[in-house]
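Hi everyone, thanks for coming along.

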Amino acid sequence: MDTDVKTVESTFRSRNQHLSFFFDNATVLGVLMIAPAVIYILALVGYPLVLAFIYSFSDITIGSSHFSFVGLENIQMLIRDFDFKTALYNTVYFTAVSMIIVLVLAKILALILLKDFKGKFIIRTLILMPYVAPISLGVIGWLWMLDSIYSPINWLLQHTGLFGPDFWPMWLGKPKLAMSAIITVHVWRMLPLATVIMLAGLTSIPQDIQDAALVDGAGYFRRLFQITIPMMLPIMLVAVLFGIVFTATDIIIILVLTRGGPYGSTQVLVSKAFYTGIDAGDLATGAATALFLFPLLAAVAIFMLRIARRAEIA
Amino acid sequence: MKKNTKDTKQIVLKIAHLGSLAVFAFFASLPFLWMLITTFKQDADLYNRANNPFIFNMAPTLVHLKELFHETLFLKWLLNTAWVGVLVVLITLFLAIPAAYSLVRLAGRWGERLGIGIFLTYLVAPTILFIPMSRVVANLGLQDSLWSLVLVFPTFTVPFAIWLLMGFFKTIPRDLEEAAMIDGYSRFGAFIRMVIPISTSGILTVVIFSFTLVVQEYIYTLTFVTTASRYTVSVGVPTFLVHGDVYNWGALMAGCLIASLPVVIVYNFFVERFISGLTLGAVKG
């Protein structure tokens with residue numbers, strides 16, 4: 001009996017002797033299976049990332065093979081540049097304001113959606129649409145709605161009496177209005193994602209805890225602030241971190257709606273990097289401009305790691 | 001009397017609930033509603049400020065749709081998007097499935113960490129990479145070619161796909177693979193014959209998300225491609241129907257609507273999986 005098993009095993013082994021070195025050894029196979037992905041990521045994320053740093057300290061341009069290091073010159077020039085300072089300020093302002101609005105609205109919307117009601121599937125589809133549809137296309141819808149002559153929003157507000165008969169704002173033509181328009185469109189786009197994340201957080205709170213608090217006589221707001229919000233904190237943190245990254249690095253809305261105008265009032269770091277680096281061909285300055293976002297992304301990454309590690313322990 | 005006030009309170013709450021739902025749904029869908037109306041409106045109706053923009057003051061027309069398909073490159077852009085999408089999905093699956101399995105089962109303790117590391121590359125947004133990447137693409141001789149997109153798009157689909165699949169493979173009991181190995185399969189054989197077939201729904205999720213990410217991509221396409229007939233739909237429509245001399249709103253809105261709808265419908269069925277991937281598994285759905 002015992003020998004039988006051994007013979008079967010040894011014939012099996014000899015048949016696949018060298019193949020089994022690759023296919024059975026967990027370490028070798030593990031390395032082989034992950035190698036293509038790691039090599040790809042190193043080549044097309046790692047290498048360009050290194051290039052981004054190198055370019056920032058050089059004078060490289062599109063369509064020329066000339067390349068020499070200029071040290072911190074690009075960065076110093078940017079810091080002195082008034083347009084750059086405006087773009088930096090706009091980035092921070094745009095990110096902060098839209099994040100706050102998104103968080104507040106998402107919290108409200110998630111609480112509303114938590115209740116059961118008829119037609120939930122349809123409502124959910126409608127609410128998700130802004131995030132799911134290709135952004136550049138959704139934003140063109142907004143471009144047409146904010147049109148300087150035929151804006152249906154203006155028409156609606158005028159005919160409901162909210163605007164006077166001669167009041168017809170040019171949403172994308174005035175600096176302050178253009179910034180509000182950009183923020184509104186961005187909130188429109190991010191709200192679905194934030195809401196769904198919040199909803200996932202809300203439904204993950206065990207009902208027993210809420211019930212127990214209810215029995216103990218805790219009111220709605222007491223439960224909201226002492227149970228719901230603290231228990232949702234890790235999820236909200238994830239939502240905020242993603243929101244910051246998506247908001248600070250997204251330029252589609254700006255490229256389609258205002259192209260940074262009027263008078264640079266909606267120019268952010270990335271859109272400026274695009275116009276200097278690609279449109280004007282100054283790769284070095286463009287790369288240096290975009291690189292100012294790197295500290296932000298690195299900080300977010302470190303936060304993410306911490307959250308992941310905590311999830312791992314728990 | 002007391003019951004009455006309670007009923008009134010219930011009704012008021014219900015109206016407030018439905019009312020706020022309606023407001024949010026209206027805000028979310030307004031641009032799409034406006035696209036739908038514009039698509040079928042006659043120009044004379046559209047460009048008249050005296051008309052109510054939300055109703056059809058003249059008979060609906062199909063003229064904008066005809067224009068979109070016959071006089072613009074819209075169909076070509078759709079085909080380009082589909083072509084790039086299919087190739088990117090295939091590359092993503094080829095790279096991500098073995099990698100995710102390796103990280104979960106074969107890599108031991110450092111597997112989880114490497115997994116998180118790969119996920120973090122998702123944060124190194126195209127924003128920082130598009131400028132050096134334009135040079136990389138040019139050096140490879142791929143500028144102004146759809147192949148540049150096929151090469152670069154997996155940079156954002158692969159990390160996310162690996163992360164999603166890792167979550168998926170973790171839920172497969174080890175016993176299944178061990179049983180297959182006792183039956184005579186090698187470890188790799190067990191992966192091919194056992195793990196992949198039972199992971200179909202996870203793989204399908206990756207297919208859907210990779211494809212939608214390709215459809216949504218904007219900045220790389222705008223940077224690498226310059227010839228009109230080589231654009232994808234989400235860049236072709238805003239670039240060639242907006243920044244031309246004439247704003248052809250009817251055809252433009254038709255294009256936006258047609259390209260958006262399929263993605264919206266498909267995505268809707270997979271959104272929960274997407275979220276549990278995004279929240280780092282901090283929420284178990």
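Let me begin with a term: a crossing is called left-handed if the near helix is turned anticlockwise from the far one by less than a right angle, and right-handed if clockwise. Helices here are DSSP runs of H or I with at least four residues, and strands are runs of E with at least two, numbered from the N terminus.

Now, some housekeeping. This is a predicted model, where local features need pLDDT of at least 70, side-chain atom pairs count only at pLDDT 80 or more, and totals for chains, interfaces and linings use all residues. Residues are numbered from 1 along each chain as its sequence is written, while chains are lettered from A and ligands numbered from 1 in the order in which they are written.

So, our opening pair. H5(A), residues 82-114, packs against H9(A), residues 175-203, at about 45°, with axes 7 Å apart; axes are lines fitted to C-alpha atoms, for helices over the stretch in contact, and angles run from 0 to 180 degrees between N-to-C directions. The two are therefore oblique, given that under 35 degrees counts as roughly parallel, over 145 as roughly antiparallel, 65 to 115 as roughly perpendicular and the rest as oblique. H5(A) passes H9(A) in a right-handed crossing. Their contact has 20 nonpolar residues, three polar and one charged. Nonpolar means Ala, Val, Leu, Ile, Met, Phe, Trp, Tyr, Cys and Pro; charged means Asp, Glu, Lys and Arg; the others, Gly among them, are polar.

Next, H3(A), residues 26-56. With H14(A), residues 283-291, H3(A) packs at about 115°, axes 7 Å apart, and therefore the pair is roughly perpendicular. Their crossing is left-handed. On the H3(A) side the contact includes A:Phe53 and A:Tyr55, and on the H14(A) side A:Leu283 and A:Leu291.

Which helix gives the most to the side of chain A that touches chain B? It is H3(A), with 16 residues. Overall, 82 residues of chain A are in contact with 83 of chain B, contact meaning C-beta atoms, placed from the backbone, within 7 Å. Chain A's side comprises 67 nonpolar, 12 polar and three charged residues.

One partner over there is H6(B), residues 126-139: H3(A) packs with H6(B) at about 100°, axes 8 Å apart. That makes H3(A) roughly perpendicular to H6(B). Among the residues in this contact are A:Pro48 and B:Arg135.

Definitions and conventions. Two residues are in contact if their C-beta atoms, placed from the backbone, lie within 7 Å.
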